[in-house]
Amino acid sequence: MCDTPPPSPAPTPEPPPPAGATCADACDRLRALGCEAAAPTPEGASCEMVCGNAAASPAPLPVACISRAPTCAAADQCE
């Protein structure tokens, strides 16, 4: 018989945000990941401001995808 302990369970991933994810959700996720996109622009606009401006454009940011991204690179790939 082997005396090795059973493997530890895998960490539980954070649940995805609801389908109605917001700019705040996306920016919180980017900050939690340490992504450059979460930092204010050189003009001082916050992530939330940039996202809000994009939301009013023909090409809004994919906030639901960004909110679930496991890495900054994955968030950058959201469409």
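**Entry 1: the whole chain**

I reminded myself at the start that this is a predicted model. I looked up the secondary structure and found four helices and zero strands in the protein chain. Read from the N terminus, the order is α-α-α-α.

Next I checked burial. Of the 79 residues in the protein chain, 25% are buried. I also looked at how far along the sequence the contacts reach. Among contacts with a separation of 6 or more, 55% join residues 24 or more positions apart.

**Entry 2: the core**

Which residues have the most contacts inside the largest nonpolar core? I found Leu30, Val63, Ile66 and Ala75, in a core of 14 residues. Helices H1 (23-33), H2 and H3 each supply at least two residues of this core. H1 gives the most, with four residues.

I followed up on Val63. Leaving out residues up to four places away in sequence, Val63 touches Ala21, Thr22, Cys23, Ala26 and Cys51.

The largest pocket holds about 240 Å³. It has 15 lining residues, and the closest to its centre are Leu30, Ala37, Leu61, Ile66 and Asp76. Leu30 and Ile66 were already in my notes, as two of the residues with the most contacts inside the core.

H1, H2 and helix H4 (72-77) each supply at least two residues of the pocket lining. I sorted the lining by type and got 13 nonpolar residues, one polar and one charged.

Is Cys47 buried or exposed? Its relative accessibility is 7%, so Cys47 counts as buried, the cut-off being under 20%. Leaving out residues up to four places away in sequence, Cys47 touches Cys27, Leu30, Arg31, Ala37 and Ala38. I also took a distance to Asp28, which is 19 residues from Cys47 in sequence: the C-alpha atoms are 9.1 Å apart.

Glu48 also has its place in helix H2. At 28% relative accessibility, Glu48 counts as partly exposed. Its contacts, beyond residues up to four places away in sequence, are Cys23, Ala24, Cys27, Asp28 and Arg31. With Arg31 there is a side-chain to side-chain polar contact, at 2.5 Å. I noted that Glu48 and Cys23 are 25 residues apart along the chain, while their C-alpha atoms are separated by 5.7 Å.

**Entry 3: side chains that reach a backbone oxygen**

I looked at Arg29, in helix H1. Why does Arg29 count as buried? Its relative accessibility is 17%, and buried means under 20%, so Arg29 falls in that class. The side chain of Arg29 reaches the backbone oxygen of Ala69 at 2.8 Å.

Ser67 gave me another case, this time in helix H3. Ser67 is buried, with a relative accessible area of 9%. Its side chain reaches the backbone oxygen of Val63 at 2.7 Å.

Where does Pro60 lie? I found Pro60 in the loop between helix H2 (47-55) and helix H3 (63-68). Pro60 has 45% relative accessibility, so it counts as partly exposed, a class that runs between 20% and 50%. Not counting residues up to four places away in sequence, Pro60 touches Ala54 and Ala55. I also checked Glu79, 19 residues from Pro60 along the chain, and their C-alpha atoms are separated by 9.5 Å.

I finished with Cys72, which lies in helix H4. Cys72 is partly exposed, with a relative accessible area of 24%. Apart from residues up to four places away in sequence, Cys72 touches Leu33, Gly34 and Cys35. For Cys72 and Ala38, 34 residues apart in sequence, I got 10.0 Å from C-alpha to C-alpha.

Methods
Residues are numbered from 1 along each chain as its sequence is written. This is a predicted model: local features need pLDDT of at least 70, side-chain atom pairs count only at pLDDT 80 or more; totals for chains, interfaces and linings use all residues. Side-chain values use heavy atoms; hydrogens and water are left out. Buried means under 20% relative accessible area, exposed over 50%, partly exposed in between (1.4 Å probe, protein chains only). Contact means heavy atoms within 4.5 Å. A polar contact is a pair of N or O atoms within 3.5 Å; within protein, one must be able to donate a hydrogen and the other to accept it, and residues adjacent in sequence count only if both atoms are side-chain atoms. A nonpolar core is a set of buried Ala, Val, Leu, Ile, Met, Phe, Trp, Tyr and Cys residues joined through side-chain atoms within 4.5 Å. On a 1 Å grid over the protein atoms alone, a cavity is a set of points where a 1.4 Å probe fits but cannot get out, and a pocket is an open set with protein on both sides within 12 Å along at least five of seven lines; lining residues have an atom within 4 Å of a point. Grid points are joined across faces, edges and corners, and a volume is the space filled by probe spheres set on the points. Ala, Val, Leu, Ile, Met, Phe, Trp, Tyr, Cys and Pro count as nonpolar, Asp, Glu, Lys and Arg as charged, and the others, Gly among them, as polar.
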